[in-house]
Amino acid sequence: MDKFTNGQPGPAQRNRLIGLLETDDSPQEEKPAPSQKEERSGPGRKGEPQPLETPYQKESSDFAPKIKVNLNYRPGLVSNQKDPNRFDRERLFSAVVRGSPQALEGLLEYLRRNSKFLTNSEYTDAKTGKTCLMKALLNLKNGRNDTIPVLLEIDQKTQNPRPLVNVSCSDCFYRGQTALHIAIEKRSLEMVKLLVENGADVHARAHGEFFRKKKEGVYFYFGELPLSLAACTNQLDVVDYLLNNPHQKARLQEQDTQGNTVLHALVMIADDTEENTKFVSSTYVEILKAGVKLDPTCKLEEIVNYDGLNPLQLAAKTGKVEIFRHIIQREIQEPPYRHLSRKFTEWTYGPIHVSLYDLSSLDSFEENSVLEILAYSSDTPNRYKMVVLEPLNKLLQQKWETFASKRFYFSFACYLSFMVIFTAIAYYQPLRVKPSFPVEFTAGGFLWVSGLIIILLGGIYLIFAQSLYLRRRRQSLKTMCSDSCIEILIFIQAFSLLLSAVLYGASSENYVAVMVFSLLLGWVNTLYYTRGFQRTGIYSVMIQKTIMRDLLRFLLVYMIFLFGFAAALVTLMGDAPSVSHNKSLAPLESSGSHAMYGGLLSVSLELFKITIGMGDLDFQEHARFRYFVMLLLLLFVILTYILLLNMLIALMSETVTDISGYSKSVWKLQRAIAILEIEKAWLWRQGGKRRSGCFMSVGLNKKDERWCFRVEEIKWTDWAKDVGVLKEEPGSTNDSELNPEDTWRPAQKPPRAAAPEELALLQPQAPGTEMVPLHRQPREL
């Protein structure tokens, strides 16, 4: 020890010791045994989430074992003598709940006398790690609790090595949450100011399971940071204070454990409702403006999280349609913040609006663009709603008209020619037991060999192209089945074609079956090219959705019924046929006999015929339990022919009705996928990537040059609403144009004398052709 005072360690040594060890002055007989009813859950233990504050349950006292010492121990001191001014957790928590500073008198002296701190484990909740300061903040009355300044002052005077203001919860559900998070959640700006003035960390991260996004269960993800919490709870005054306070300014670029900034957090809490969209959009813009004030060179929207997504890409990935619409169509008129816009109105004429849209992060020229996310992320909801928003709608249309349509139709013609040749080769293929390569050197033989070479090269190209596609997508099985079923069928078609060629070369007659299977898939896969035409494309989408949604579920249930009833009938009729006749129906014994149920396959076929209305309810007259067999057949008819089939029809009708409401949008999404596949196809990439739009300066600063895309829109509703306000000429709209009645008006000149021609026009006309003055005519828009 460096210093001693009356046999006690000096301040320096004391601080080092008490930073590691806690003291204990409670009498031995007063230490309660752990309640057996309390579930043992130390810090980090997973289980049922405990409420952070509830009036129906006391804080847990089931602390983990901890070594404690008494630095004030003296020989001969009676250790079990009760201190009349002793503060335990119940007394301390009761005082802060009541908000009574008088009840805390003597606390400072008690802590100093016993070398204790307010952050000691005995003053916290054993399950959550909640401190007395958090308890006080959770029990505000009219936004105040007079014990909070007292607690902060006492903690500073005790020179706590772990400041009370920055102690966080320790359990797995609320881990990382500090008093500042609670003050913001309680919407108390006064308490936020008090905590920040006393050294609260404005970059503390609340990263417990309660604050993480998960598929199931209740959670509140707000970006972990206090600034993000204030923004996500619509407290712009708290946001402004955290960014501009003189003690510790919050950084807008700060990221949480997932790499998300405050803008990412705002996107995550969006839910596409009108009220939520309004506050999220306004807060989003205010955050951008605050960033310009603090650091004009900082580009917040270009910061990506650990998944490589900026806020715009995150909105597209999570399917947040309204905040996505706001970001890509954001237009700010104030000159200091005009460069924050992504939409710039170039000029208007009546209802016609010509606008420039920023293409950054949108165009497929960039890696991980919004178009790629919408086209390839099958698990993204509302993709069909976002792909029809401007400028994406016109951008895809421009790509289709300039290059994609020509390449698509050329690919369609090549594939159709390939299938015609394949069909001809398969149709005129002689069914020989041992195929051979030699052919006659005639015109027919030459055409035969040429056709074989064409279909072989076509199969190689298809399997190579689809392999590149599947490798580039790297989808899960669920995603592939829902979004890439045609591509998978094309891959199977090409593989079957090459396999049939191998079997043909091996002189195996089985090549015919494999070739026919590939031929069938080839013609089915022609549906892929229907997405190039609106009418057939919508019909193809309905077929695909109906199969994936309804038919597969129907077949699953039907196969269970079919197998169960077939097994029951075979068991009941199993003594009739022999083993050798178990694969087909037994022949009729006489003209009046009934069909005999043989093996499992034959029974299943007969039951299937009954399902589609082509079978008979025949059974063996001499069979045992023939009435029970008839009952089973009747029950099968009721469950399948009457129930399942009609349910399938109803579900298909519902699916078609549902899809017809947005079928055009779904078709545009399918065409967008085709456009991007054409762009990325190795056969067409020799000329490099195509970039849409034009490179131009759109901000006040000439250095603010961007790739923009010009879109012409007709907005009759906006024109009718803003008539008399819009400036129908090129250029931006200033404040005077938005409020014409508040603008300065020059003095009017005296009216001039009317010309004779003008006087003639003003003379009363005949009743049939009477002119009404223009200002009296009702104007209907």
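Reader: Which helix do F554 and Y558 lie in, and how many residues apart are they?
Author: Both lie in helix 21 (residues 534-572), 4 residues apart, about one turn of the helix. Helices here are DSSP runs of H or I, at least four residues, numbered from the N terminus. This is a predicted model, in which local features need pLDDT of at least 70 and side-chain atom pairs count only at pLDDT 80 or more, while totals for chains, interfaces and linings use all residues. Residues are numbered from 1 along each chain as its sequence is written, and side-chain values use heavy atoms, with hydrogens and water left out.

Reader: Are F554 and Y558 buried or exposed?
Author: F554 is buried at 13% relative accessibility, and Y558 is buried at 4%. Buried means under 20% relative accessible area, exposed over 50%, partly exposed in between (1.4 Å probe, protein chains only).

Reader: Other topic. Which residues of helix 10 and helix 12 make the contact?
Author: L263, H264, V267 and M268 of helix 10 meet P311, L314, A315 and T318 of helix 12. Contact means heavy atoms within 4.5 Å.

Reader: Back to rings. Which residues do ring pairs link into a cluster?
Author: W400, F408, Y409, F412, Y415, F418, F422, Y528, Y529 and F533. Rings of Phe, Tyr and Trp (its six-membered ring) pair if their centres lie within 6.5 Å; planes under 30 degrees apart count as stacked, over 60 as edge-to-face and the rest as tilted.

Reader: And where are F418 and F422?
Author: In helix 16 (residues 392-427), 4 residues apart, so about one helical turn separates them. F418 is buried at 8%, and F422 is buried at 0%.

How values were computed. Helices (H or I, at least four residues) and strands (E, at least two) are DSSP runs, numbered from the N terminus.
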